[in-house]
Amino acid sequence: MDCKDFNWVFSSASPAGQYLKYIDEENKYYYKLSDYYCGRFTSNESVMEVIASRVGRLLGLPVLRYTGEMSNVMLDNKVHTTFVAKSKNFVPSTSSSMPLHLFYQLNKLEKEQPYNFMVRMGWKEYVDALFVFDYLIIGVDRHGRNVEIIVSNDGASKPAPIFDNGRSFTFEYGTNKVLLEKFDYTADFHANNFIGGISLERNLNYVDTIFRVPSLTYCFKRRVFYGLKCVLTEEHIELLWSIINYRYGLLKEKGIFHEVV
């Protein structure tokens, strides 16, 4: 894909650099790059965004669809070939959206915590799906702007599809083989989490929804990693598949996932 004419703008920052995005206003598409620092990409959030999206959607979770491909982009007067993630605007023309932290501040009861607020609003199953999904993909960046509420013109409201999942799996290590080999995906990971606590594993204690999910077959794996061998090595793909299998298995043991053969 040729994205050299895209006017990339600053989205947010990390200790390692900055995230850049481009919005196609006419066609309502959003394009995202991985962390960019000093003329190079230091991680691979955009690839993990697509993998997380595929995993979530194949499991039947309310996750936004992301696609992506290797593309040419112009940054700092230089052409870079990198993976670009793409998604469609999820807000209907008859509605608007608001970050959860702002919607919560405007509508919460006195001393009401975000989790209790979501339950009172009738969104418990959505929160359960969010906790389960972030545990499965090791999603560590669920702050109050990474959940949005869609508000229709008649005042009705509902959570948007789960989006912005790039800071997941092995995103921060990019293609660093040494760090990837040391990655302990069996550990409990701490996350920036507006609704729940910082522990991805302890957040599962709030979950009482049973999710009926397909088995992790070869076909499932093929669909998750389709077209990504030009971006990830076979070893990296096998590591990611091991992460999915291990954490899926624990969700089965806890009775949260009910496997449908």
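So, the second largest pocket: β6 (40-41), α1 and β8 each give at least two residues to its lining. Closest to the centre, out of 17 lining residues, are F41, S43, N44, T82 and T175. By type, the lining divides into 7 nonpolar, 9 polar and 1 charged. For that count, Ala, Val, Leu, Ile, Met, Phe, Trp, Tyr, Cys and Pro are nonpolar, Asp, Glu, Lys and Arg are charged, and the others, Gly among them, are polar.

Before I go on, this is a predicted model: local features need pLDDT of at least 70 and side-chain atom pairs count only at pLDDT 80 or more, while totals for chains, interfaces and linings use all residues. Residues are numbered from 1 along each chain as its sequence is written, and side-chain values use heavy atoms, with hydrogens and water left out.

Okay, what do I mean by a pocket? On a 1 Å grid over the protein atoms alone, where a 1.4 Å probe fits, a pocket is an open set of points with protein on both sides within 12 Å along at least five of seven lines, and lining residues have an atom within 4 Å of a point. Points are joined across faces, edges and corners, and the volume is the space filled by probe spheres set on them. For the second largest pocket that comes to about 300 Å³.

T82 sits in strand β8, and T82 counts as buried because its relative accessible area is 9%; the cut-off for buried is under 20%, with a 1.4 Å probe and protein chains only. Setting aside neighbours within four places in sequence, T82 touches L33, F41, E69, M70, S71 and V73. A contact means heavy atoms within 4.5 Å.

Now the largest pocket, at about 830 Å³. It has 34 lining residues, and S11, K32, N146, F163 and D164 are the closest to its centre. Elements giving two or more residues to this lining include β2 (9-14), β3 (17-24) and β4 (29-32). The largest share, 4 residues, comes from β2. This lining splits into 13 nonpolar, 11 polar and 10 charged residues.

Next, R142. Buried or exposed, for an arginine in this model? R142 counts as buried, because its relative accessibility is 4%. R142 is in strand β10 (residues 141-142). The R142 side chain makes polar contacts with two side chains I'd look at on screen: D134 at 2.8 Å, and N165 at 2.6 Å. A polar contact is a pair of N or O atoms within 3.5 Å; within protein, one must be able to donate a hydrogen and the other to accept it, and residues adjacent in sequence count only if both atoms are side-chain atoms. Beyond four places in sequence, R142 also touches residues including L130, F133, F163 and D164.

Last stop, helix α2 (residues 100-107), where L100, F103 and Y104 are buried. They cover an arc of only 100° around the axis, so they lie on the same side of α2; the arc is taken over the directions from the helix axis to the C-beta atoms. Among the elements covering those buried residues are β9, α3 (114-120), β11 (148-152) and β12 (157-159).

Technical notes: Buried < 20%, exposed > 50% of the residue type's maximum accessible area, 1.4 Å probe, protein only.
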